[in-house]
Amino acid sequence: MDVFSRIISLSGPPDMPPYADPPRSNVEFFFDAGTDESVNYFRVAREMRRRGYRVTHAFGFRNHGHTLESYDHVGQ
């Protein structure tokens, strides 16, 4: 979190908190998840926000997979 201002998770929610550094106002977590993994992302995002982290969770109506459409969405 000393280097990057946006941390992206694409394939399964991170194992955090409490394992991350303390929240910083200039760092945002971005979760991009489809229908099959969003259950855990909703839980992790809610807990991280409660602890003061900036979190955006983009829920997509698609299954998990590596597609150009998914990568383009993250790049936007």
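This report describes the sheet, the helix packing, the nonpolar core and the aromatic pairs of a predicted model.

## Sheet architecture

The model contains an open sheet of three strands, arranged in the order β1-β2-β3 with parallel pairing. Strands β1 (6–9) and β3 form the edges, each pairing on one side only. From one strand to the next, the twist averages 20°.

Strands of a sheet pair through backbone hydrogen bonds, in either a parallel or an antiparallel sense. Here, β1 and β2 are joined in the parallel sense by four bridges. Within this pairing Arg6 stands opposite Glu28 of β2, and Ile8 has Phe30 in β2 as its bridge partner. Between β2 and β3 there are six bridges, also in the parallel sense; Ala33 has Phe59 in β3 as its bridge partner.

## Burial of strand β2

Strand β2 is mostly covered, with six of its six residues buried. In a regular strand the side chains alternate between the two faces of the sheet. In β2, Glu28, Phe30 and Asp32 point one way, whereas Phe29, Phe31 and Ala33 point the other way.

## Helix α1 and the β-α-β unit

Strand β2, helix α1 and strand β3 together make a right-handed β-α-β unit. Ser38 belongs to helix α1. With a relative accessible area of 1%, Ser38 is buried, because a residue counts as buried under 20%. Apart from neighbours within four places in sequence, the contacts of Ser38 are Ala33, His57 and Phe59. Two of these contacts, Ala33 and Phe59, are also bridge partners of one another.

## The largest nonpolar core

The largest nonpolar core has ten residues in all: Val27, Phe29, Phe31, Ala33, Tyr41, Val44, Ala45, Met48, Tyr53 and Val55. Both β2 and α1 supply at least two residues each to this core. The greatest contribution comes from α1, with four residues.

## Aromatic pairs

A pair of aromatic rings is described by the distance of the centres and the angle of the planes. Three aromatic pairs are found in a search of the whole structure. One of them is formed by Phe29 and Tyr53, with 5.8 Å centre to centre and 85° between the planes, an edge-to-face arrangement. Phe29 lies in strand β2 (residues 28–33) and Tyr53 in the loop between α1 (38–50) and β3 (54–59), so this pair ties together parts 24 residues apart in sequence. Phe29 is buried at a relative accessible area of 4%, and Tyr53 is buried at 8%.

Another pair, Phe42 with Phe59, is tilted, at 6.0 Å centre to centre and 35° between the planes. This pair links distant parts of the chain, with Phe42 in helix α1 and Phe59 in strand β3, 17 residues apart. Phe42 counts as partly exposed, at 41% relative accessibility. Phe59 likewise counts as partly exposed, at 34%.

Notes
Residues are numbered from 1 along each chain as its sequence is written. This is a predicted model: local features need pLDDT of at least 70, side-chain atom pairs count only at pLDDT 80 or more; totals for chains, interfaces and linings use all residues. Side-chain values use heavy atoms; hydrogens and water are left out. Rings of Phe, Tyr and Trp (its six-membered ring) pair if their centres lie within 6.5 Å; planes under 30 degrees apart count as stacked, over 60 as edge-to-face and the rest as tilted. Buried means under 20% relative accessible area, exposed over 50%, partly exposed in between (1.4 Å probe, protein chains only). A nonpolar core is a set of buried Ala, Val, Leu, Ile, Met, Phe, Trp, Tyr and Cys residues joined through side-chain atoms within 4.5 Å. Contact means heavy atoms within 4.5 Å. Two strands pair if DSSP finds at least two bridges between them. Axes are lines fitted to C-alpha atoms, for helices over the stretch in contact, and angles run from 0 to 180 degrees between N-to-C directions. A crossover is right-handed if, with the strands pointing away from the viewer, the path from the first strand over the helix to the second runs clockwise.
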